[in-house]
Every structure is written in C-alpha cells, then in structure tokens.
Amino acid sequence: MGITFALVLFLVSLVSGDTVPTSRPSISNQYSSTGYEGETMKYSCYLSSLGDPQVRWSWFCGQEQMRSHITYSTTYTYLTFRLSRKYHQKSCYCRATSPSSILDYNRTSSRSIIYVYRE
Ligand SMILES: *[C@@H]1O[C@H](CO)[C@@H](O)[C@H](O)[C@H]1NC(C)=O
C-alpha cells in the first residue's frame, strides 16, 4: 500500500469514525490439535479490538466453512464440533472481516492442523 493511499485512508477513516483491528486474529491451539473420533474439539479466536463497525467472524477447516456451534463473547469467537475422520489433517482457522465500506480488513488467523486418532 502506497504511503499516500494509506494517508488518504487514514484521513477518510477519521472523518467516518470507522476503525479496524490492528492485528490479525489469533487462534487457540496455535499449531496443531489432537483428539479422538467422537470427541468435541474446541477452538477460539481472539482480537484485542473488533473495530467499528465490528468485524464478522467466520470459521474454516480445510475447504469447509464451519457453520454450526459457533458462539461469540466480547472479543472472542468459539467453534466447537465433533471430531470425525474427515477432519484428520485438516487445518482450521478463523477469519475476521470488517463490514466497513471505507477500510479494508479481511484477515485470517494462523492455521491449526487437526490430528484425529481412532479409539
Ligand atoms: C476475504 O479474503 C478471502 C480470501 O482471500 C476471500 O475469499 C473473501 O472473498 C474476502 N472477503 C471479502 C469481504 O473481501
């Protein structure tokens, strides 16, 4: 991003009052997670500030967008799901996207690889 463009964005955001988070979301279980089939896997993602308007969260494991068992609390989002073999070696991550029409923010956490063991 050019310095002039960054400056213009900064000025426009001052006028509109929009803010976006200053970092990427951070995920629990940073590098990998392990569990047995049938166990419940739980992840969380965190941002120190959600910005204004607040970011929208989404969760992915491999190519799949996770749509169930997602909850929110202040600056956290939680994903819980039952482990099955299909998640073996899939990498999970969250994404935070600002709905601001002025500022761009659409960032993913690092990825956490799941290893699913058989009972
Ligand atoms: C955010 O980034 C992802 C991956 O690059 C892209 O698929 C998605 O459309 C983007 N969303 C927005 C709102 O820009």
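1. A nonpolar core here means a set of buried Ala, Val, Leu, Ile, Met, Phe, Trp, Tyr and Cys residues joined through C-beta atoms within 7 Å. A residue is buried if 20 or more other C-beta atoms lie within 10 Å of its own, exposed if 12 or fewer, and partly exposed in between, with C-beta atoms placed from the backbone. The model is predicted: local features need pLDDT of at least 70, side-chain atom pairs count only at pLDDT 80 or more, and totals for chains, interfaces and linings use all residues. Residues are numbered from 1 along each chain as its sequence is written.

2. The largest nonpolar core has 17 residues, and Tyr43, Tyr87, Cys94 and Ile114 touch the most other members. At least two residues of this core come from each of strand 3, strand 4 (56–61), strand 8 (91–97) and strand 10 (112–117). In soluble globular proteins, nonpolar side chains tend to be buried together. Over the protein, buried residues are 19% of the 119 residues.

3. Contacts are counted between residues whose C-beta atoms, placed from the backbone, lie within 7 Å. Leaving out residues up to four places away in sequence, tyrosine 43 touches Ile27, Ser28, Asn29, Leu79, Cys92 and Ser112. Of the contacts in the protein with a separation of 6 or more, 70% are between residues 24 or more positions apart.

4. Helices (H or I, at least four residues) and strands (E, at least two) are DSSP runs, numbered from the N terminus. The protein has 1 helix and 10 strands, in the order α-β-β-β-β-β-β-β-β-β-β from the N terminus on. The C-alpha trace spans about 55 × 30 × 20 Å along its principal axes.

5. UniProt, in an unreviewed entry, places the feature "domain: Ig-like" at residues 25–110. UniProt positions are given in the numbering used here, feature names are shortened, and annotations may be inferred rather than shown by experiment. Residues 25–110 are 0% helix and 51% strand in the model, with the end C-alpha atoms 8 Å apart.

6. Two strands pair if DSSP finds at least two bridges between them. An open sheet of 4 strands has the order 1-3-7-6 and antiparallel pairing. Strand 1 (26–27) and strand 6 (70–73) are at the edges with a single partner strand each, so one side of each has no neighbour in the sheet.

7. Strand 3 (residues 40–46) and strand 7 run antiparallel and are joined by 7 bridges; threonine 40 has arginine 82 of strand 7 as its bridge partner. Strand 6 and strand 7 (residues 76–82) are also antiparallel, with 4 bridges. In that pair, isoleucine 70 stands opposite leucine 79, and serine 73 opposite tyrosine 76. The hairpin of strand 6 and strand 7 has 2 residues between the strands, and threonine 74 there takes a positive phi near 40°.

8. Is threonine 71 buried or exposed? Threonine 71, in strand 6, counts as exposed because it has 10 C-beta neighbours inside 10 Å. Its C-alpha atom is separated by 16 Å from that of serine 26, 45 residues apart along the chain.

9. Threonine 34 lies in strand 2 (residues 32–36) and counts as partly exposed, with 13 C-beta neighbours inside 10 Å. Residues up to four places away in sequence aside, threonine 34 touches Tyr115 and Tyr117. The C-alpha atoms of threonine 34 and leucine 11 are separated by 46 Å, at 23 residues apart along the chain.

Terms used. Two residues are in contact if their C-beta atoms, placed from the backbone, lie within 7 Å.
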